[in-house]
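Hello,

I am passing on the structure below, followed by notes on what was found in it. Please keep it open while you read.

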Amino acid sequence: MWKVCASVLRSSVQGYNNRRVLPLLSRHLSSATPGATEPGLTVSSQHAGIRTITLNNPRKRNALSLAMLESLRRDLLTGGSQDDLQVIIIAAEGPVFSAGHDLNELSPAHSREKHTEIFDACTRVMTLVQDLPVPVIAKVQGLATAAGCQLVASCDIVVASDTAQFATPGVKVGLFCSTPAVALGRAVPRKVAMEMLFTGQPITAQDALLHGLVSKVVPESKLDEETHRLAQQICTTSRSVTAIGKACFYSQITKSRDEAYREAGEVMVDNLQTEDGREGISAFLEKRKPTWSHR
């Protein structure tokens, strides 16, 4: 299965043909090895360029067990046609988006090596979300805590219901949320992140919006509609241009201002040399809709 995933994803990104996009995926493809997955932990479907991956273990509050992480990683890498894939939505069944790691797997009964395997698997998923050449939207209907909050913070866009909450409560059980802090600290102001990490107290969807953890808050009844509206808007754009832009954003954001401008300027020049870059400018000047080749 993983060899098939790697082959399909390689072929899908070849069309982007950009030196900044392909290296991001190489580490994920080279390490794509079989994992301890369980049937049904995630459910993936794809239609009209939109892949929806649903965390499907509400009985365990969609805990990010090792098996759940491997299942999510598999579905991020494959699960439908790559030819028209333009956006991925991560959703969840039940009242909880994700309660984070399965603490049974982090108990003293397991070895240090097992604990390392779990956190390494989690890191692979979180970095894959941002290294994929397509936008990833989190659709958050309920509570997202610890590594569940980390997953939300790692996504490119987050649409939350007005009843959603977010927390990093590890400190309360003697396990500081250090890896969730990596994503959280890059999504919200430092003082907000530190309050969440030190107290473990949840914040509301409205506070998450205020501090930049989520993109949009809508009534629960409108969550599906608004998430798919955003996904459909993305589907009207060029896959290759989006891939170039996403890779550049995450690359430049950690650099100094001058380094960031140098890199972004080079990327825009590269962008103009692509087929869709030329088509988009020509279509604007000719006052017509562009016809994307996704190259």
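A contact means heavy atoms within 4.5 Å. Residues 24 or more positions apart make up 71% of the contacts in the chain with a separation of 6 or more. This is a predicted model, in which local features need pLDDT of at least 70, side-chain atom pairs count only at pLDDT 80 or more, and totals for chains, interfaces and linings use all residues. Residues are numbered from 1 along each chain as its sequence is written, and side-chain values use heavy atoms, with hydrogens and water left out.

The chain has 12 helices and 10 strands (DSSP runs numbered from the N terminus: helices are H or I, at least four residues; strands are E, at least two). Of its 295 residues, 48% count as buried (under 20% relative accessible area, with exposed over 50% and partly exposed in between; 1.4 Å probe, protein chains only).

An open sheet of 6 strands runs in the order 1-2-3-5-7-10, with mixed pairing (two strands pair if DSSP finds at least two bridges between them). Strand 1 (42–47) and strand 10 (216–218) are at the edges with a single partner strand each, so one side of each has no neighbour in the sheet. Strand 7 (residues 157–161) runs parallel to strand 10, joined by 3 bridges; A160 stands opposite V217 in strand 10.

In helix 11, the buried residues are A260, E263, V267 and N271. The face turned away from the buried side of helix 11 carries the exposed residues Y261, R262, M268 and Q273. Cover for the buried residues of helix 11 includes helix 10 (239–252) and helix 12 (275–285).

Regards
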